[in-house]
Protein chains: 2
Amino acid sequence: MSDKKAERIVIIGGVAAGPKAACRVKRLMQEAEVTIIDEDSLISYGGCGIPYYISGDVSDESELRSTSFHMIRNESFFEHAKGVKTMTLTRALAIDRQKKVVQVEQVQSGVRQEIAYDKLMLATGSRPFMLPIPGVDLDGVFTLSNLHKAIEIKKRIASGKVARAVVIGGGAIGVEMAEALTDLWQVKTTLIEFMDQLLPRIVDFPMAAMLARQLRDKEVTVLLAEGAVEVLGKDGKVTGLRTSHRTLEADLVIMATGVRPRSELARDAGLQLSCLGAIVVNERMQTSDPAIYAAGDCIEVRHLVSGKKFYAPLGSLANKEGRVAGDNMAGIPSVFKGAVGSFIMKAFDSCIAATGLSHDVALAEGYDADVALTAPADRAHFFPTVNNVVFQMVFDRRTRRVLGLQGFGPMGDGISARIDAAAALISTGGTIDDFGTLEMAYAPPFSAAIDSINAAAYVADNICDGRLRKIPMASFLQWMEDFSGQPDWIALDIRHPKEVEPFVLKFGTKKWLGVPYNEIRARYQELPADKTLIVLCDAGTRSFEIQSFLDSVELRNSLVLSGGFNVVRKIGVDWYPQ
Amino acid sequence: MSDKKAERIVIIGGVAAGPKAACRVKRLMQEAEVTIIDEDSLISYGGCGIPYYISGDVSDESELRSTSFHMIRNESFFEHAKGVKTMTLTRALAIDRQKKVVQVEQVQSGVRQEIAYDKLMLATGSRPFMLPIPGVDLDGVFTLSNLHKAIEIKKRIASGKVARAVVIGGGAIGVEMAEALTDLWQVKTTLIEFMDQLLPRIVDFPMAAMLARQLRDKEVTVLLAEGAVEVLGKDGKVTGLRTSHRTLEADLVIMATGVRPRSELARDAGLQLSCLGAIVVNERMQTSDPAIYAAGDCIEVRHLVSGKKFYAPLGSLANKEGRVAGDNMAGIPSVFKGAVGSFIMKAFDSCIAATGLSHDVALAEGYDADVALTAPADRAHFFPTVNNVVFQMVFDRRTRRVLGLQGFGPMGDGISARIDAAAALISTGGTIDDFGTLEMAYAPPFSAAIDSINAAAYVADNICDGRLRKIPMASFLQWMEDFSGQPDWIALDIRHPKEVEPFVLKFGTKKWLGVPYNEIRARYQELPADKTLIVLCDAGTRSFEIQSFLDSVELRNSLVLSGGFNVVRKIGVDWYPQ
């Protein structure tokens with residue numbers, strides 16, 4: 001038997017999951033020797049804050065590296081405060097699993113050495129995906145892969161060298177960067193997305209369309225269904241971007257086209273990877289070698305709705321996974337069951353969020369998925385700070401399980417409140433009925449007696465049981481652009497006559513009929529039985545009531561526009577009467 | 001067989017649960033004859049908005065009676081828009097369950113008639129509990145039992161007749177009324193509560209103390225552990241209140257001492273009541289007579305933590321119960337499983353909320369309950385809109401089940417987000433571990449990578465596993481008032497030396513020791529081994545790290561002040577150095 005020695009814990013990667021695990025395991029086993037290895041000089045920073053550092057909301061990069069009590073998280077901090085050794089500017093080259101050593105190289109000197117471990121953790125993170133197009137090596141093309149890049153981007157903007165920018169990729173980072181460049185710096189910014197909507201797969205059309213409108217209202221040029229073909233340059237410097245449709249001038253090109261797991265070290269050591277290249281771990285964050293753990297952007301986790309593994313490179317998950325890895329390295333059998341992929345983003349004065357599966361993704365996964373699009377008040381409608389918000393609930397018609405929820409509203413925490421509550425319920429298999437009775441803390445300054453999330457579930461319930469027949473928002477907007485596509489449709493606008501009048505004037509009584517909500521019971525015999533009535537109101541709620549009534553008098557020819565004009569106005573349309 | 005006739009649905013009570021059920025059942029069975037009976041002339045109003053009507057946030061009472069699309073919910077609205085008949089100013093006198101009729105009386109004429117039903121629903125609500133003290137009949141003593149009372153109170157205040165007011169009862173309505181009177185109208189207001197804290201049973205001491213401080217900072221006089229003895233008057237008008245401790249002058253006395261179920265009609269009809277006098281219903285809202293349903297403030301519901309029935313007179317629950325009753329009267333077997341008692345309230349610039357059981361209640365219910373008091377940032381600490389918030393998580397040590405969560409923070413929706421997510425998880429039996437990995441949508445403007453709710457769960461985990469030993473906030477405050485109570489305690493203040501210095505100057509080195517957080521590992525041998533070290537920092541987080549380290553060097557004499565100075569400052573103390 002060998003002498004009892006201090007357990008040696010080695011952690012490769014020092015941004016999020018790595019430091020979290022290191023500090024946790026050290027607290028649990030103060031006698032252990034815990035070492036973090038990172039090839040960078042800057043460690044333990046809030047990478048998700050980079051757009052806000054560039055925008056100027058966060059004035060100095062050191063704030064992203066500080067604790068809440070204003071200490072910089074550098075090598076000395078980890079040594080003295082945490083008792084954790086750090087080896088920065090040190091690259092891990094290879095893992096010898098037999099000998100239990102990591103071969104490392106000092107980045108500056110090239111000196112190599114072997115670091116022995118009893119337990120090893122890989123927190124190697126991700127790297128940005130670069131589009132395979134010409135010109136990406138030009139000076140002025142950036143990814144947001146680390147804090148150095150962010151510092152350089154901000155330096156260039158602050159020195160006035162950037163008048164026009166192109167951001168490639170309409171995902172979360174792309175949108176955040178578009179805002180950062182536009183809002184404070186007033187850089188003329190174009191956001192280009194290959195798919196036909198922003199935030200593809202994360203949210204569905206109506207939500208993405210409202211976001212695009214918000215960006216355009218704030219002077220961001222948003223180009224959808226348009227591919228980047230070539231970054232253009234002169235004398236080695238970027239001058240623009242050629243797309244599938246046009247050429248854009250630019251002094252700065254930001255590539256925000258997603259990230260991929262950094263897993264070469266794991267692969268070369270023979271650890272099991274997923275087909276996507278992420279490190280495979282169990283619920284205790286153990287890789288296929290039980291002495292090696294992994295967490296953060298280099299792994300896949302289980303999706304708590306679909307049950308399948310998915311790639312969710314998020315700082316919030318990295319920290320939680322890191323703590324679980326730390327627990328397990330210290331012998332506490334904590335588990336990380338998986339994630340529902342919650343997402344939230346500020347976009348100028350708006351906020352957009354989602355959790356679970358989008359409708360598009362749910363259909364692709366084979367669910368009998370449908371949606372309830374709603375546009376309720378976010379608190380008691382008589383309270384002065386009330387706002388109109390939009391929620392889309394995705395559910396499975398067969399099982400009534402809620403698969404996802406998306407929200408759009410004014411900047412603030414009101415959307416968070418619903419998305420976070422939904423995430424909690426979705427992760428435990430909540431159904432439409434559970435959402436209908438979900439208890440949201442109620443007082444008029446905060447919510448409505450029937451909260452927006454309950455209301456969305458009520459609509460889903462009515463749809464699921466076949467009581468509410470609707471047309472998708474996209475179909476309605478298409479019809480408004482070209483009435484001839486559905487010649488037998490007619491709008492039944494049940495809002496106040498003053499609201500309806502300009503529409504009747506503009507579109508004519510053959511396309512637009514106005515009967516007030518509270519007169520339908522008396523006047524339904526005026527309605528055409530040989531047309532499809534598209535019942536319209538502000539939120540869709542009154543329209544459903546009218547449909548229920550019309551059904552009972554055997555006028556079964558109506559469809560409700562869920563979300564109603566509240567959503568139409570937020571998407572923004574050319575045909576809306578002034 | 002009788003001819004097929006329209007089903008007759010009669011609903012007694014027209015404020016919240018009643019109208020909700022009426023409209024729902026009518027939509028589901030348009031052929032049914034649905035009638036609402038109410039003794040009042042005003043129906044279907046937002047009773048929870050009354051404090052905001054009195055405060056002036058809501059300028060006109062009609063706003064409390066309007067839909068979100070600006071229609072007044074009066075008799076005509078129900079008739080024409082909803083197809084529901086209303087009989088206002090009509091009092092239900094008795095139910096004949098054999099004949100299936102309700103005997104009613106027109107309030108103004110005294111004319112009586114019988115209304116036949118196939119299904120009956122009782123939504124008779126609650127009545128305010130009046131303290132059995134002399135003087136409650138004096139002019140100027142009000143409850144908030146209906147909109148007429150609210151209109152009269154506001155009239156008196158607006159006409160300048162109220163300079164001083166006393167609110168009896170430190171529950172939610174009492175606190176909201178104290179704010180309403182003080183904020184806009186600048187009525188000199190005293191809030192008196194019989195128990196030794198505000199919001200008894202709803203929140204625990206630290207939260208109640210922060211709320212009391214907020215009220216006092218806004219010029220509300222808060223008197224705790226003080227009973228109302230007699231309302232004083234002259235010429236039939238109120239002039240003051242005699243309490244167990246003093247006499248208060250007042251032109252207005254508001255009695256906010258809780259409500260009791262109005263269930264006499266049910267009792268007289270022989271329906272089963274609880275010992276508290278609430279109507280007993282099953283999950284489908286059926287009373288002991290299957291043809292009679294009940295919902296709202298007149299019933300009891302199951303508590304989803306304790307499993308016991310409890311009385312939760314809240315507008316939000318009334319609406320949900322009403323919908324379930326409506327479903328069932330129409331043959332849809334919806335269920336209302338119960339509630340976790342979520343609560344939220346605005347108090348001037350602050351917000352306080354809770355869900356599940358408080359520590360006090362959990363102990364009384366026999367749980368092995370403990371608490372994690374935390375004071376984290378509500379979003380990324382580097383984001384400019386960051387605020388300090390306080391959460392108290394209540395959990396069961398045996399089962400690790402989370403029993404409740406309480407939050408206090410600045411006015412806004414940030415506390416909502418955590419309480420609502422917690423309510424969702426608590427209602428499904430969530431444990432500390434589920435809260436640790438609960439996925440809160442993350443971006444720096446909204447949350448921290450480790451959200452405050454996860455952080456609270458981490459603290460609970462460390463307490464539950466015996467890794468974190470703490471002193472209750474109340475014990476610490478008591479010691480600070482009188483060091484002699486615990487002569488062997490000494491404060492170990494690990495904050496920045498600049499923060500510590502005034503404390504050492506004020507209390508002396510025998511009571512106050514300063515060693516910075518990041519120097520403890522090097523200097524722990526300076527610490528006394530024969531004293532109990534009360535480890536102090538701003539939030540309690542660093543203190544726990546220090547305790548973990550000290551334990552490892554066999555200094556096991558430390559206790560952590562969870563929540564730290566962040567909570568102390570929010571409670572407000574006299575001894576805090578200037």
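Colleague: What makes strand β1 and strand β2 of chain A a pair, and in which sense do they run?

Modeller: In this predicted model, local features need pLDDT of at least 70, side-chain atom pairs count only at pLDDT 80 or more, and totals for chains, interfaces and linings use all residues. Residues are numbered from 1 along each chain as its sequence is written, and chains are lettered from A in the order in which they are written. Strands pair if DSSP finds at least two bridges between them; β1 (residues 8-12) and β2 (residues 33-37) of chain A have five, in the parallel sense, so they pair. I12(A) has I37(A) as its bridge partner in β2(A).

Colleague: Why are β3 and β18 of chain A said to stand at the edges?

Modeller: The open sheet has five strands in the order β3-β2-β1-β7-β18 (chain A), with parallel pairing. β3 (85-87) and β18 (292-294) of chain A each have a single partner strand, so one side of each lacks a neighbour in the sheet. Neighbouring strands are turned by 20° against each other on average, direction ignored.

Colleague: Which strands does helix α1 of chain A touch?

Modeller: Helix α1 (residues 17-28) of chain A packs on the sheet, touching β1, β2 and β7 (119-122) of chain A. Contact requires C-beta atoms, placed from the backbone, within 7 Å. The direction of α1 makes about 175° with that of β2(A), where axes are lines fitted to C-alpha atoms, for helices over the stretch in contact, and angles run from 0 to 180 degrees between N-to-C directions.

Colleague: How many residues does each chain bring to the contact between chain A and chain B?

Modeller: Chain B brings 77 residues and chain A 78 residues. On the side of chain B, α11(B) gives the most, with nine residues.

Conventions: Two residues are in contact if their C-beta atoms, placed from the backbone, lie within 7 Å. Helices (H or I, at least four residues) and strands (E, at least two) are DSSP runs, numbered from the N terminus.
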